[in-house]
Amino acid sequence: MEFFRIKKDIPFMKYALVFNAISFITFALAVFFLFSRGLHLSVEFTGGTVMEVAYTQPADIGKVRETVSKLGYADVIVQNFGTSKDVMIRLPVQKGVTTAQQSERVITALKAEDAEVTLRRTEFVGPQVGDELMHNGLMALGMVVLGIIIYLAFRFEWKFGVAAIIANLHDVIIILGFFAFFQWEFSLSVLAGVLAVLGYSVNESVVIFDRIREAFRKFRKLSTHEVIDHAITSTMSRTIITHASTEAMVLSMFFFGGPSLHYFALALTIGILFGIYSSVFVAAAIAMWLGVKREDLVKAPAKPGSQDPNDPNAGAVV
(Lines give C-alpha, C1' and ligand atoms only; values in the text may rest on other atoms or scores of the structure.)
Protein backbone atom coordinates (compact mmCIF):
# COMPACT_ATOMS: atom_id res chain seq x y z
CA MET A 1 0.00 0.00 0.00
CA GLU A 2 1.27 3.49 -0.86
CA PHE A 3 -0.08 6.87 0.26
CA PHE A 4 2.14 8.61 -2.26
CA ARG A 5 4.77 7.85 -4.85
CA ILE A 6 7.91 9.89 -5.43
CA LYS A 7 8.45 10.00 -9.18
CA LYS A 8 11.95 11.48 -9.19
CA ASP A 9 14.72 9.61 -7.37
CA ILE A 10 16.20 11.48 -4.39
CA PRO A 11 20.03 11.60 -4.56
CA PHE A 12 20.66 10.11 -1.13
CA MET A 13 24.10 8.74 -1.99
CA LYS A 14 25.25 12.19 -3.10
CA TYR A 15 25.31 13.18 0.57
CA ALA A 16 26.34 9.78 1.94
CA LEU A 17 29.75 11.01 3.12
CA VAL A 18 28.25 13.90 5.09
CA PHE A 19 25.59 11.75 6.75
CA ASN A 20 28.08 9.02 7.58
CA ALA A 21 30.42 11.60 9.12
CA ILE A 22 27.53 12.69 11.37
CA SER A 23 26.82 9.05 12.12
CA PHE A 24 30.46 8.38 13.02
CA ILE A 25 30.57 11.38 15.38
CA THR A 26 27.35 10.23 17.09
CA PHE A 27 28.72 6.71 17.38
CA ALA A 28 32.03 7.95 18.82
CA LEU A 29 30.21 10.06 21.43
CA ALA A 30 28.07 7.06 22.42
CA VAL A 31 31.19 4.91 22.91
CA PHE A 32 32.84 7.72 24.92
CA PHE A 33 29.87 8.02 27.30
CA LEU A 34 29.67 4.24 27.67
CA PHE A 35 33.27 4.12 28.87
CA SER A 36 33.29 7.38 30.85
CA ARG A 37 29.91 7.13 32.58
CA GLY A 38 28.87 3.53 32.10
CA LEU A 39 25.35 2.14 32.27
CA HIS A 40 23.12 2.72 35.27
CA LEU A 41 22.25 -0.94 35.83
CA SER A 42 19.02 -1.95 37.54
CA VAL A 43 18.65 -4.25 40.53
CA GLU A 44 18.28 -7.17 38.11
CA PHE A 45 21.96 -6.78 37.22
CA THR A 46 23.51 -5.35 40.40
CA GLY A 47 21.69 -7.49 42.97
CA GLY A 48 19.46 -6.50 45.89
CA THR A 49 16.43 -7.53 47.91
CA VAL A 50 13.40 -9.14 46.27
CA MET A 51 10.07 -9.04 48.13
CA GLU A 52 6.76 -10.63 47.24
CA VAL A 53 3.67 -9.15 48.90
CA ALA A 54 -0.01 -10.03 48.53
CA TYR A 55 -3.08 -7.79 48.70
CA THR A 56 -6.69 -8.78 49.26
CA GLN A 57 -7.74 -6.46 46.41
CA PRO A 58 -6.02 -5.63 43.08
CA ALA A 59 -2.92 -3.65 44.01
CA ASP A 60 -2.35 -0.05 42.96
CA ILE A 61 1.18 -0.40 41.54
CA GLY A 62 1.69 3.35 41.30
CA LYS A 63 0.75 3.87 44.94
CA VAL A 64 2.99 0.99 46.06
CA ARG A 65 5.91 2.44 44.11
CA GLU A 66 5.31 5.88 45.60
CA THR A 67 5.19 4.47 49.15
CA VAL A 68 8.46 2.56 48.73
CA SER A 69 10.16 5.51 47.01
CA LYS A 70 9.43 7.70 50.02
CA LEU A 71 11.72 5.41 52.03
CA GLY A 72 14.65 6.63 49.92
CA TYR A 73 14.77 3.96 47.22
CA ALA A 74 15.25 5.76 43.91
CA ASP A 75 15.72 2.66 41.75
CA VAL A 76 12.95 0.48 43.13
CA ILE A 77 11.17 -1.86 40.70
CA VAL A 78 7.52 -2.62 41.46
CA GLN A 79 5.43 -4.89 39.24
CA ASN A 80 2.62 -7.43 39.31
CA PHE A 81 3.35 -11.12 38.96
CA GLY A 82 0.87 -13.96 38.70
CA THR A 83 -2.27 -11.97 39.53
CA SER A 84 -3.18 -8.31 40.02
CA LYS A 85 -3.16 -8.91 43.78
CA ASP A 86 0.44 -10.14 43.90
CA VAL A 87 3.27 -7.60 43.78
CA MET A 88 7.02 -8.07 43.40
CA ILE A 89 9.31 -5.36 44.79
CA ARG A 90 13.02 -5.19 43.94
CA LEU A 91 15.17 -3.01 46.21
CA PRO A 92 18.78 -1.99 45.52
CA VAL A 93 21.57 -2.87 47.94
CA GLN A 94 22.09 -0.40 50.80
CA LYS A 95 25.33 -0.32 52.76
CA GLY A 96 24.93 -1.28 56.39
CA VAL A 97 21.32 -2.46 55.91
CA THR A 98 20.43 -6.15 55.84
CA THR A 99 17.76 -7.76 53.69
CA ALA A 100 15.61 -8.36 56.77
CA GLN A 101 15.83 -4.70 57.79
CA GLN A 102 14.95 -3.54 54.29
CA SER A 103 11.92 -5.80 54.03
CA GLU A 104 10.73 -4.84 57.52
CA ARG A 105 10.83 -1.13 56.68
CA VAL A 106 8.98 -1.65 53.42
CA ILE A 107 6.24 -3.91 54.78
CA THR A 108 5.68 -1.51 57.69
CA ALA A 109 5.21 1.37 55.26
CA LEU A 110 2.87 -0.69 53.08
CA LYS A 111 0.79 -1.79 56.09
CA ALA A 112 0.36 1.86 57.03
CA GLU A 113 -1.44 2.26 53.68
CA ASP A 114 -3.24 -1.11 53.71
CA ALA A 115 -3.32 -3.15 56.91
CA GLU A 116 -4.27 -6.36 55.10
CA VAL A 117 -1.14 -6.58 52.93
CA THR A 118 1.00 -9.64 53.73
CA LEU A 119 4.64 -10.47 53.08
CA ARG A 120 5.01 -13.79 51.29
CA ARG A 121 8.71 -14.03 50.55
CA THR A 122 11.95 -12.11 50.94
CA GLU A 123 15.32 -13.05 49.47
CA PHE A 124 18.63 -11.52 48.56
CA VAL A 125 19.70 -11.66 44.92
CA GLY A 126 23.46 -11.45 44.72
CA PRO A 127 25.42 -9.58 42.03
CA GLN A 128 26.63 -12.90 40.62
CA VAL A 129 23.09 -13.40 39.26
CA GLY A 130 23.38 -10.00 37.60
CA ASP A 131 26.71 -11.02 36.06
CA GLU A 132 25.06 -14.14 34.66
CA LEU A 133 22.20 -12.09 33.22
CA MET A 134 24.64 -9.67 31.60
CA HIS A 135 26.69 -12.53 30.18
CA ASN A 136 23.58 -14.23 28.78
CA GLY A 137 22.37 -10.93 27.34
CA LEU A 138 25.67 -10.36 25.56
CA MET A 139 25.61 -13.96 24.30
CA ALA A 140 22.11 -13.40 22.93
CA LEU A 141 23.27 -10.22 21.21
CA GLY A 142 26.26 -12.02 19.72
CA MET A 143 24.11 -14.88 18.40
CA VAL A 144 21.69 -12.40 16.82
CA VAL A 145 24.57 -10.59 15.10
CA LEU A 146 26.05 -13.85 13.79
CA GLY A 147 22.66 -15.00 12.54
CA ILE A 148 22.09 -11.71 10.72
CA ILE A 149 25.45 -11.92 8.94
CA ILE A 150 24.86 -15.52 7.82
CA TYR A 151 21.29 -14.78 6.68
CA LEU A 152 22.21 -11.70 4.64
CA ALA A 153 25.30 -13.35 3.16
CA PHE A 154 23.19 -16.23 1.84
CA ARG A 155 20.21 -14.15 0.75
CA PHE A 156 22.13 -11.30 -0.87
CA GLU A 157 25.91 -10.98 -0.81
CA TRP A 158 28.58 -10.74 1.89
CA LYS A 159 29.02 -7.00 1.27
CA PHE A 160 25.40 -6.45 2.25
CA GLY A 161 25.89 -8.61 5.34
CA VAL A 162 28.86 -6.54 6.49
CA ALA A 163 27.09 -3.26 5.72
CA ALA A 164 23.92 -4.29 7.58
CA ILE A 165 25.69 -5.49 10.70
CA ILE A 166 27.80 -2.32 10.94
CA ALA A 167 24.66 -0.20 10.57
CA ASN A 168 22.65 -2.22 13.08
CA LEU A 169 25.38 -2.36 15.71
CA HIS A 170 25.62 1.40 15.19
CA ASP A 171 21.96 1.61 16.32
CA VAL A 172 22.59 -0.55 19.39
CA ILE A 173 25.64 1.43 20.53
CA ILE A 174 23.81 4.74 20.11
CA ILE A 175 20.90 3.48 22.25
CA LEU A 176 23.35 2.43 24.95
CA GLY A 177 25.10 5.79 24.61
CA PHE A 178 21.86 7.64 25.32
CA PHE A 179 21.27 5.52 28.42
CA ALA A 180 24.84 6.12 29.59
CA PHE A 181 24.73 9.90 28.98
CA PHE A 182 21.40 10.49 30.75
CA GLN A 183 22.02 7.69 33.29
CA TRP A 184 18.63 6.15 32.59
CA GLU A 185 18.10 2.83 34.30
CA PHE A 186 19.19 -0.12 32.18
CA SER A 187 17.06 -3.16 32.98
CA LEU A 188 16.19 -6.49 31.38
CA SER A 189 13.23 -4.88 29.63
CA VAL A 190 15.57 -2.32 28.05
CA LEU A 191 17.89 -5.13 26.94
CA ALA A 192 14.86 -6.79 25.32
CA GLY A 193 14.11 -3.48 23.59
CA VAL A 194 17.67 -3.28 22.25
CA LEU A 195 17.40 -6.80 20.79
CA ALA A 196 14.02 -5.89 19.28
CA VAL A 197 15.55 -2.81 17.64
CA LEU A 198 18.31 -4.96 16.16
CA GLY A 199 15.75 -7.18 14.45
CA TYR A 200 13.65 -4.20 13.43
CA SER A 201 16.61 -2.46 11.79
CA VAL A 202 17.58 -5.63 9.94
CA ASN A 203 14.07 -5.83 8.50
CA GLU A 204 14.36 -2.30 7.14
CA SER A 205 17.78 -3.05 5.65
CA VAL A 206 16.49 -6.24 3.99
CA VAL A 207 13.63 -4.31 2.33
CA ILE A 208 16.07 -1.79 0.88
CA PHE A 209 18.53 -4.51 -0.20
CA ASP A 210 15.69 -6.35 -1.95
CA ARG A 211 14.82 -3.20 -3.90
CA ILE A 212 18.49 -2.69 -4.78
CA ARG A 213 18.66 -6.21 -6.22
CA GLU A 214 15.45 -5.66 -8.20
CA ALA A 215 16.74 -2.34 -9.53
CA PHE A 216 20.02 -3.92 -10.64
CA ARG A 217 18.03 -6.46 -12.66
CA LYS A 218 15.65 -3.92 -14.11
CA PHE A 219 17.89 -0.94 -14.89
CA ARG A 220 21.05 -2.02 -16.67
CA LYS A 221 22.30 1.44 -17.55
CA LEU A 222 22.10 2.97 -14.08
CA SER A 223 25.26 3.27 -11.99
CA THR A 224 25.47 1.71 -8.53
CA HIS A 225 24.68 4.93 -6.63
CA GLU A 226 21.75 5.65 -8.97
CA VAL A 227 20.38 2.15 -8.39
CA ILE A 228 20.65 2.64 -4.60
CA ASP A 229 18.97 6.07 -4.82
CA HIS A 230 16.10 4.53 -6.79
CA ALA A 231 15.74 1.63 -4.35
CA ILE A 232 15.59 3.90 -1.30
CA THR A 233 13.21 6.37 -2.97
CA SER A 234 10.84 3.57 -3.99
CA THR A 235 10.58 2.39 -0.38
CA MET A 236 9.90 5.84 1.13
CA SER A 237 6.12 5.43 1.27
CA ARG A 238 6.40 1.99 2.86
CA THR A 239 8.99 3.27 5.34
CA ILE A 240 6.85 6.21 6.47
CA ILE A 241 3.71 4.06 6.92
CA THR A 242 5.51 1.23 8.73
CA HIS A 243 7.60 3.34 11.09
CA ALA A 244 4.83 5.83 11.85
CA SER A 245 2.40 3.07 12.83
CA THR A 246 5.05 1.31 14.92
CA GLU A 247 6.07 4.52 16.65
CA ALA A 248 2.43 5.31 17.44
CA MET A 249 2.20 2.02 19.34
CA VAL A 250 5.53 2.62 21.09
CA LEU A 251 4.51 6.13 22.14
CA SER A 252 1.30 4.75 23.64
CA MET A 253 3.46 2.47 25.82
CA PHE A 254 5.74 5.40 26.67
CA PHE A 255 2.93 7.70 27.83
CA PHE A 256 0.40 5.20 29.19
CA GLY A 257 2.40 2.05 29.98
CA GLY A 258 3.63 3.27 33.35
CA PRO A 259 7.17 3.20 34.78
CA SER A 260 7.68 -0.49 34.01
CA LEU A 261 7.45 0.18 30.24
CA HIS A 262 8.87 3.71 30.22
CA TYR A 263 12.50 2.94 29.42
CA PHE A 264 11.59 -0.01 27.21
CA ALA A 265 9.52 2.32 25.01
CA LEU A 266 12.26 4.94 25.15
CA ALA A 267 14.84 2.45 23.87
CA LEU A 268 12.49 1.44 21.04
CA THR A 269 11.85 5.08 20.09
CA ILE A 270 15.56 5.87 19.83
CA GLY A 271 16.14 2.62 17.95
CA ILE A 272 13.35 3.22 15.43
CA LEU A 273 14.54 6.73 14.62
CA PHE A 274 18.17 5.74 14.21
CA GLY A 275 17.14 2.50 12.48
CA ILE A 276 15.62 4.47 9.62
CA TYR A 277 18.71 6.66 9.46
CA SER A 278 21.18 3.77 9.50
CA SER A 279 19.32 1.68 6.91
CA VAL A 280 19.30 4.55 4.42
CA PHE A 281 22.50 6.48 5.08
CA VAL A 282 24.76 3.89 6.70
CA ALA A 283 23.98 0.38 5.41
CA ALA A 284 23.34 1.36 1.79
CA ALA A 285 26.34 3.70 1.67
CA ILE A 286 28.72 1.11 3.14
CA ALA A 287 27.50 -1.47 0.62
CA MET A 288 28.21 1.06 -2.14
CA TRP A 289 31.70 1.79 -0.79
CA LEU A 290 32.44 -1.93 -0.50
CA GLY A 291 31.94 -2.09 -4.26
CA VAL A 292 28.63 -3.90 -4.62
CA LYS A 293 27.68 -4.19 -8.30
CA ARG A 294 25.14 -5.81 -10.57
CA GLU A 295 27.24 -8.93 -11.09
CA ASP A 296 27.20 -9.60 -7.32
CA LEU A 297 23.43 -9.95 -7.24
CA VAL A 298 22.43 -11.06 -10.75
CA LYS A 299 23.81 -14.33 -12.02
CA ALA A 300 25.63 -14.15 -15.33
CA PRO A 301 24.31 -16.26 -18.24
CA ALA A 302 25.56 -19.85 -18.18
CA LYS A 303 26.76 -19.69 -21.83
CA PRO A 304 27.86 -16.88 -24.14
CA GLY A 305 24.86 -15.42 -25.92
CA SER A 306 22.33 -16.89 -23.48
CA GLN A 307 19.97 -14.64 -21.55
CA ASP A 308 19.62 -14.04 -17.85
CA PRO A 309 16.34 -15.77 -16.83
CA ASN A 310 15.97 -13.35 -13.92
CA ASP A 311 16.29 -10.27 -16.12
CA PRO A 312 12.86 -8.72 -16.91
CA ASN A 313 14.38 -7.14 -20.03
CA ALA A 314 15.54 -10.50 -21.40
CA GLY A 315 14.26 -11.14 -24.91
CA ALA A 316 13.30 -7.52 -25.49
CA VAL A 317 13.67 -6.31 -29.05
CA VAL A 318 14.71 -2.71 -29.69
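User: Arg213 and Asp210 first. Are they buried or exposed?
Analyst: Both Arg213 and Asp210 are buried. Keep in mind that this is a predicted model.

User: Where do Arg213 and Asp210 lie?
Analyst: Both are in helix H7. They sit 3 residues apart, about one turn of the helix.

User: And what do their side chains do?
Analyst: The side chains of Arg213 and Asp210 meet in a salt bridge, 2.9 Å from N to O. Side chains of opposite charge can pair when their charged atoms come close.

User: How many salt bridges does a search of the whole structure find?
Analyst: The search finds 7.

User: Which side chain does Glu52 meet in a salt bridge?
Analyst: That of Arg121, with 2.3 Å from N to O. Glu52 is in strand S2 (residues 48–54) and Arg121 is in strand S5 (residues 118–125), so the pair ties together parts that are 69 residues apart in sequence.

User: Is Glu52 buried or exposed?
Analyst: Glu52 counts as buried, because its relative accessibility is 13%.

User: Next one. What does Arg120 pair with?
Analyst: Arg120 and Asp86 meet through their side chains in a salt bridge, 3.1 Å from N to O. This pair also links distant parts of the chain: Arg120 is in strand S5 and Asp86 is in strand S4 (residues 83–92), 34 residues apart.

User: How covered are those two, buried or exposed?
Analyst: One of each. Arg120 is exposed, with a relative accessible area of 54%. Asp86 is buried, at 10%.

User: OK, helices now. How do H7 and H9 cross?
Analyst: Two packed helices are described by the angle between their axes and the distance between the axes. For H7 (residues 188–218) and H9 (residues 236–256), the axes come within 12 Å and cross at roughly 165°. The two helices are therefore roughly antiparallel to each other.

User: What about H9 and H10?
Analyst: The axes of H9 and H10 (residues 259–289) come within 8 Å and cross at roughly 165°. H9 and H10 are therefore roughly antiparallel to each other.

User: Left-handed or right-handed, for each crossing?
Analyst: The H7 and H9 crossing is right-handed. The H9 and H10 crossing is left-handed.

User: And H1 with H6, at what angle do they cross?
Analyst: Roughly 50°, with the axes of H1 (residues 16–36) and H6 coming within 8 Å. H1 and H6 are therefore oblique to each other. Their crossing is left-handed.

User: What follows H6? I'm looking for the place of Gln183.
Analyst: Gln183 is in the loop between helix H6 (158–182) and strand S6 (185–186).

User: What is the phi of Gln183?
Analyst: Near 55°, a positive value in a residue other than glycine. Gln183 is also partly exposed, with a relative accessible area of 33%.

User: Switching to the surface. Which residues make the nonpolar patch?
Analyst: Met143, Leu146, Ile150 and Phe154. The patch is about 470 Å².

User: Where is Leu146 found?
Analyst: In helix H5 (residues 127–155). Leu146 is partly exposed, with a relative accessible area of 45%.

User: Two quick ones to finish. Is Ala231 buried or exposed?
Analyst: Ala231 is buried, with a relative accessible area of 0%. Ala231 is found in helix H8 (residues 224–234). From Ala231 to Phe216 is 9.4 Å, C-alpha to C-alpha, and the two are 15 residues apart in sequence.

User: And Glu104, where does it lie?
Analyst: In helix H4 (residues 99–113). Glu104 is exposed, with a relative accessible area of 52%.

User: What separates Glu104 from Thr122?
Analyst: Their C-alpha atoms are separated by 9.9 Å, and the residues are 18 apart along the chain.

How values were computed:
Residues are numbered from 1 along each chain as its sequence is written. This is a predicted model: local features need pLDDT of at least 70, side-chain atom pairs count only at pLDDT 80 or more; totals for chains, interfaces and linings use all residues. Side-chain values use heavy atoms; hydrogens and water are left out. Patches are made of residues with over 30% relative accessible area and no salt bridge: like charges are joined within 9 Å, nonpolar side chains (Val, Leu, Ile, Met, Phe, Trp, Tyr) within 5 Å. Accessible areas come from the Shrake-Rupley method with a 1.4 Å probe; for residues, only the protein chains shown count as cover. A salt bridge is a side-chain nitrogen of Lys or Arg within 4 Å of a carboxyl oxygen of Asp or Glu. Helices (H or I, at least four residues) and strands (E, at least two) are DSSP runs, numbered from the N terminus. Buried means under 20% relative accessible area, exposed over 50%, partly exposed in between (1.4 Å probe, protein chains only). Axes are lines fitted to C-alpha atoms, for helices over the stretch in contact, and angles run from 0 to 180 degrees between N-to-C directions. Angles under 35 degrees count as roughly parallel, over 145 as roughly antiparallel, 65 to 115 as roughly perpendicular and the rest as oblique. A crossing is left-handed if the near helix is turned anticlockwise from the far one by less than a right angle, and right-handed if clockwise.
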